Amino acid sequence: MSMLRSSLSRRGEPAWQRRLPVGLAALAVLLLLYHLFGQSLGEFPATWNLQLREPLDAFKKWLVGSRSVNPLFLYGFDPLSGGVEWVIRRAEEFLLWLPWPTVGGLLFWVGLRVGGVQLGLLAIGCLGFMGGVGLWDASMQTLALMVASVSLALLVGIPLGIWSAHSDRGEAALRPLLDGMQTLPAFVYLIPVVLFFGIGRVPAVIAAVIYAIPPAVRLTSLGLRQVSEEVVEAGRAFGSTPRQLLYKVEIPQALPSILAGVNQTIMMALSIVVIAALVGAGGLGTVVLKSLRQLKVGEALEGGLAIVALAILLDRLTAAVRRSDDAGRGAAVVRRGWLLEGGVKGLTFGWRALPSPVRRHGWLWGGLLWGSAVSALCWALGWVDFPKEWNLSLAGPVDGAVRWAQLHLYRIGESGFGTGPVSDFMSLYILAPLRQLFAELLPWPTLVLLAAAAGAAVGGGWLGLASGSSLLLLGALGMWQGAIDTFTQVVVAVLHVSVIGIPLGIWAARSPWVDRLLRPLLDLLQTIPTFVYLVPVIMLFNLGRVPGVIASVLYALPPLIRLTRLGIRQVDETAVEAATAFGSTPHQLLTKVQLPLALPQILLGVNQAIMMVLSMVVVAGMVGAQGLGLEVVDGMQNNRMGQSVEAGLAIVVLAVLLDRLTQALARR
């Protein structure tokens, strides 16, 4: 059926457009034969290089020298930077000023209010782990960065979402911008903000705000657009003004979708705040980055697990807030929480005597009162900093385990198996030959024509022109070799993700117990920030391309498994029943009915996997993986802004190219 739709769609195209991919592919083959048996076409012409590096470095020097007199800085960037720094500093001072039992108790109180006792205990467990590994201050610094970045992202994103929901013109204007922002890897956002805001915590927050705005805008707009027209009309019939209609009808109805956007904003902001350790953001990311550079895997694992604990805490709390829309159940949980936590039964006797606003938000007032009392007690007893005698360092045992693994797992006896042979096999027989194919055997004009042919085949002439032009732009940026290296890593990782993820998605769709088994694991993998995936992989495979590829596979598996499962389960029951009635075996049902009908959803999962792999492969440049990511890191560390910008632009071009090709393939 899908093949029939494809063939029909091809017949509707002009003849030249149907023949264009074949012609481009034939020309690419002729150039390849000329390159192999005639005269070598050589490397990408150096004379075509746009030479952006020197002007960009000169521009940076001019910016640094004119900061004190340039009106753009005096009245624009400097006041903005000062305001953001003030928010970060106040949030950090407040979190470090609060005694650790108060922080734990308040988060337990919130967890109890929105999700019950289990969520409250989870909050205490996450905070206890952060303090137990000696990273309480670093965790509070990261949390302060999160408070600043998420607050600013929501202050910008939610109003833009409201505007987009009420204005078709606004939605049309924002859609391409949001698409572009969600296509770019997180790493790229650091480059321009460092140029204008320097090094430190402010550029980390600004980058996190820009990166985390799209889900807040999209989900706010989606929630408001899904509000029932009957409800809106009823509000108008009762004489509501547009402002009253928004605040008292539309936003309450759209609140679940808006809160889902808040959850996604928090998780995206956390991922880039951690990566921003590269530009001096501080916090847990700096702990992990310094430890990885010094190959102190135990300390890096402590920092990574603390980041995971913070991510789980924020994710579960915000997800529970989204689900807890039953005020009566929440009040009952709070009352049980008071009895459980303090045993102060007398509070309930005066409940009805309290003013109505206090009773309406009693859980909030009770939490503030309880937190103030605990804080006063802790200050009186000197329980402000997390007790150092409670620290249970994992660094020593983990470093010992790493040494044991490197000694015993690098090569397991005479079996030929182990981390060493696996790494060598991937490097020598997969990554190196593939890189040689694209970098040496196939000349650059052939690759340009093949990219244009692929674009024309799946998306028409304009996409073909854009695809070929994108490869030419990579060469003009002077990043041809780096882009080829990154592309080979992406190809290898996506092939592994597809081989693992699609069968697991099919299995989960056809087996409820497999689905239940995979769901918590996928939830955990989607919660972990990108940076943290590198830590356990480096424990076994050291530094280089291979750990980056393996971490990319783990990072990109969840969306492909979920979307494959969703596509199989959404196949029309009528088609399945018809095939079964005609005597199809389960294997025939899968291969001839379910997979063809679920193919668009599966290809969408492949698209998501490609973008996530590209993001991770770029981040892996921090730990020595070759390619564009290493170019960005090297430029930032050695004050070569031009190099970082060129590599960042190349990453953007490669990301947009792969995204458009896979989306066009999914649509076709």
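Is Gln51 buried, exposed or partly exposed?

## Gln51 and its loop

In this predicted model, Gln51 is partly exposed, with a relative accessible area of 41%. Gln51 sits in the loop that runs between helix 2 (15–37) and helix 3 (53–66), and its backbone adopts a positive phi of about 55° although Gln51 is not a glycine. As background to that value, most residues other than glycine have a negative phi.

## The chain as a whole

The secondary structure of the chain comprises 30 helices and zero strands, and 50% of its 668 residues count as buried. Where contacts join residues at least 6 apart in sequence, 80% of them link residues at least 24 apart.

## Helix 21

Helix 21 covers residues 444–459, and at 1.5 Å a residue its 16 residues should span 22 Å, which agrees with the 22 Å that separates its end C-alpha atoms. The helix is mostly covered, since twelve of its 16 residues are buried; among them are Trp444, Pro445, Thr446, Leu447, Val448 and Leu449, together with Gly455, Ala456 and Val458. Just after helix 21 comes Gly460, which takes a positive phi of about 95°.

## Helix 21 against helix 22

Two packed helices are described by the angle between their axes and the distance between the axes. For helix 21 and helix 22 the angle is about 155° and the axes are 6 Å apart, and because angles over 145 degrees count as roughly antiparallel, helix 21 is roughly antiparallel to helix 22. The crossing of this pair is right-handed.

On the side of helix 21 the contact is made by Trp444, Leu447, Val448, Ala451, Ala452, Gly455, Ala456, Val458 and Gly459, and on the side of helix 22 by Gly461, Leu463, Gly464, Ser467, Gly468, Leu471 and Leu472. Divided by class, the residues of this contact are ten nonpolar and six polar, with no charged residue.

## Helix 22 against helix 30

Helix 22 (residues 461–476) also meets helix 30 (residues 641–667), their axes coming within 10 Å and crossing at roughly 160°. These two helices are therefore roughly antiparallel to each other, and their crossing is left-handed.

Helix 22 contributes Leu463, Ser467, Ser470, Leu471, Leu473 and Leu474 to the contact, while helix 30 contributes Ala650, Val653, Leu654, Leu657, Arg660, Leu661 and Ala664. The contact of helix 22 with helix 30 has ten nonpolar, two polar and one charged residues. Leu463, Ser467 and Leu471 of helix 22 are among the residues named in the contact with helix 21 and are also named in the contact with helix 30.

Gly642 lies in helix 30 and counts as buried, at 0% relative accessibility. Its C-alpha atom is 6.5 Å from that of Glu54, although Gly642 and Glu54 are 588 residues apart in sequence. When residues up to four places away in sequence are not counted, Gly642 touches Arg53, Leu56 and Asp57.

Gln594, which lies in helix 28 (residues 586–619), is buried, with a relative accessible area of 10%. Again leaving out residues up to four places away in sequence, Gln594 touches Arg510, Ile568, Val571, Val576 and Leu589.

How values were computed
Residues numbered from 1 in each chain as written. Predicted model: local features only at pLDDT ≥ 70, side-chain atom pairs only at ≥ 80, totals over all residues. Heavy atoms only, no water. Axes fitted to C-alpha atoms, helices over the stretch in contact; angles between N-to-C directions. Helix = DSSP H or I, 4+ residues; strand = E, 2+ residues; numbered from the N terminus. Parallel < 35°, antiparallel > 145°, perpendicular 65-115°, else oblique. Left-handed = near helix turned anticlockwise from the far one by under 90°. Contact = heavy atoms within 4.5 Å. Nonpolar A, V, L, I, M, F, W, Y, C, P; charged D, E, K, R; others polar. Buried < 20%, exposed > 50% of the residue type's maximum accessible area, 1.4 Å probe, protein only. Expected span 1.5 Å × (residues − 1).
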